[in-house]
Amino acid sequence: MSFINSIRRIKAITVKEIRQLKRDRITFGMVVMIPLIQLLLFGYAINTDVRNVPVAIVDQSDSAAGRWIVEAIKVTQVVSVEAFYKTSTEAEAAITRGEIRAALILPPNLTEKLANNETLGQWIVDGSDTMIAGAMKQLRNMPLDQITGINTQKPATFEVALFYNPEQRSAVNIVPGLIAVILTMTMILFTSAAIVREREKGNLELLITTPIKPLELMLGKILPYIIVGLIQMTIILGLGHFIFDVPINGSLAQLLMGTLLFIAASLTLGLIISTIARTQLQAMQMTIFIILPTILLSGFMFPFEAMPKPAQWIAEILPATHFMRIIRAVVLRGGEIGDMPFDTLWLVGFTVIGIIIASLRFNKRLD
């Protein structure tokens, strides 16, 4: 009899929990959406076969052979020719800015080299991404008949020069990207629970009675975490430099400005979540909902170019995608945030619009 009563009590609690889960729409949505998004990301968006790497051509020969070579590399689908430059200096600057990942330099005496079966040219490659570097090495040797139409067994050869990471050490690419992932995780989680925590403790009503305005409350909530974010960035990059010998080629001022922009954008996203979530558990669940695509779509684990277009569109919405480009450009290639106006302005715009949205939603909840 006691066993039957125990089963009834367990059943009653189970039914109660199911009803409570149905009423908690955010938690119920996470239960459905998280596995669905993981399935779509891993099954559709994630692709380790690198294709359509943006490259440039520097054809100093201005010959028919040069045009044949360009058409031949297009057929491989490994690269996508995005630009033509007159000098290798212009191509190297474009690589530093992140506009292209590699450039093919064809010398003035290309036709003579082709006739003598010599090395035809040189690929200069952004070697900071080891997967991109590996894909570009596939173009080191090409069948000569693809270029000239002559049936021969001798392949055409190209030199491959890897910039910024000639040893192809994965740590060089991972450590700067890890800054974006960890800052996303901590900054969003801290601020997403900020207002929710005040509400759960009953302090929000106290704040309402003060002269503080919603925008002032938003800014006051995020400012302390900016210092926390800078400390985290310093720890990751410092340890990465001294332990894994990750180079820091850019200026510290550029690094600081880029990191501040990303911290502000991430904290703003956390504030928006805090105006939606009712409990700290919900805030944590929504944070995980953001972290998953950040890790998989931002270019941290897989090359951005390898993803299908719809996945790239989603990735462009995430602040981490833009910071990933900035931090790697500054740290590894010695670039400046002024060379990446789109990514910089996106982070600024995201922060401004996000603070406005969070303030309006906070106002609405107060009403």
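**Asp343 counts as buried, because its relative accessibility is 7%.** Buried means a relative accessible area under 20%, exposed means over 50%, and partly exposed covers the range in between, with a 1.4 Å probe and protein chains only. The model is predicted, so local features need pLDDT of at least 70 and side-chain atom pairs count only at pLDDT 80 or more, whereas totals for chains, interfaces and linings use all residues. Residues are numbered from 1 along each chain as its sequence is written, and side-chain values use heavy atoms, with hydrogens and water left out. Asp343 belongs to helix H16, which spans residues 341-366. Helices (H or I, at least four residues) and strands (E, at least two) are DSSP runs, numbered from the N terminus. The Asp343 side chain forms a polar contact of 2.9 Å with the side chain of Arg325. A polar contact is a pair of N or O atoms within 3.5 Å; within protein, one atom must be able to donate a hydrogen and the other to accept it, and residues adjacent in sequence count only if both atoms are side-chain atoms. With residues up to four places away in sequence left out, Asp343 touches His322, Arg325 and Ile326. Contact means heavy atoms within 4.5 Å.

Phe350 and Thr268 are 82 residues apart in sequence, while their C-alpha atoms are 8.2 Å apart in space. Not counting residues up to four places away in sequence, Phe350 touches Ala265, Thr268, Leu269, Ile317 and Pro319. For the protein chain, 76% of the contacts with a separation of 6 or more are between residues 24 or more positions apart.

**The open sheet has six strands in the order E2-E1-E3-E4-E6-E5.** Its pairing is mixed; two strands pair if DSSP finds at least two bridges between them. Strands E2 (79-84) and E5 (141-143) stand at the edges with a single partner strand each, so one side of each has no neighbour in the sheet. On average, neighbouring strands of this sheet are turned by 30° against each other, direction ignored. Axes are lines fitted to C-alpha atoms, for helices over the stretch in contact, and angles run from 0 to 180 degrees between N-to-C directions. The protein chain holds 16 helices and six strands, and 48% of its 367 residues count as buried.

**Strand E4 (residues 121-126) is largely enclosed by the rest of the structure, because five of its six residues are buried.** Strand E3 (residues 102-106) runs antiparallel to E4 and is joined to E4 by four bridges. Leu104 has Trp123 of E4 as its bridge partner. The pairing of E4 with strand E6 (residues 155-163) is parallel and has six bridges. Here Gly121 is bridged to Phe158 in E6.

**Asn52 lies in the loop between helix H2 (25-45) and E1.** The phi of Asn52 is positive, about 55°, although Asn52 is not a glycine. Most residues other than glycine have a negative phi. Asn52 counts as partly exposed because its relative accessibility is 45%. Strand E1 (residues 53-59) pairs with E2 in the parallel sense over five bridges, and Val53 stands opposite Val79 in E2.

**Ser61 lies in the loop between E1 and helix H3 (64-75).** With a relative accessibility of 14%, Ser61 counts as buried. Its side chain makes polar contacts with the side chain of Asp59 at 2.6 Å and with that of Ser63 at 2.9 Å. Leaving aside neighbours within four places in sequence, Ser61 is in contact with Gly66, Leu106, Pro107, Pro108 and Leu110.

**Helices H8 (residues 170-192) and H9 (residues 194-201) pack at an angle of about 25°, with axes 4 Å apart.** That makes H8 roughly parallel to H9. Angles under 35 degrees count as roughly parallel, over 145 as roughly antiparallel, 65 to 115 as roughly perpendicular and the rest as oblique. Phe190, Thr191 and Ser192 of H8 make the contact with Ala194, Ile195 and Val196 of H9. These residues divide into four nonpolar, two polar and no charged. Nonpolar covers Ala, Val, Leu, Ile, Met, Phe, Trp, Tyr, Cys and Pro; charged covers Asp, Glu, Lys and Arg; the others, Gly among them, count as polar.

**Asp245 is found in the loop between helix H11 (214-244) and helix H12 (252-276).** Asp245 has a positive phi of about 60° and is not a glycine. Asp245 counts as exposed because its relative accessibility is 52%.
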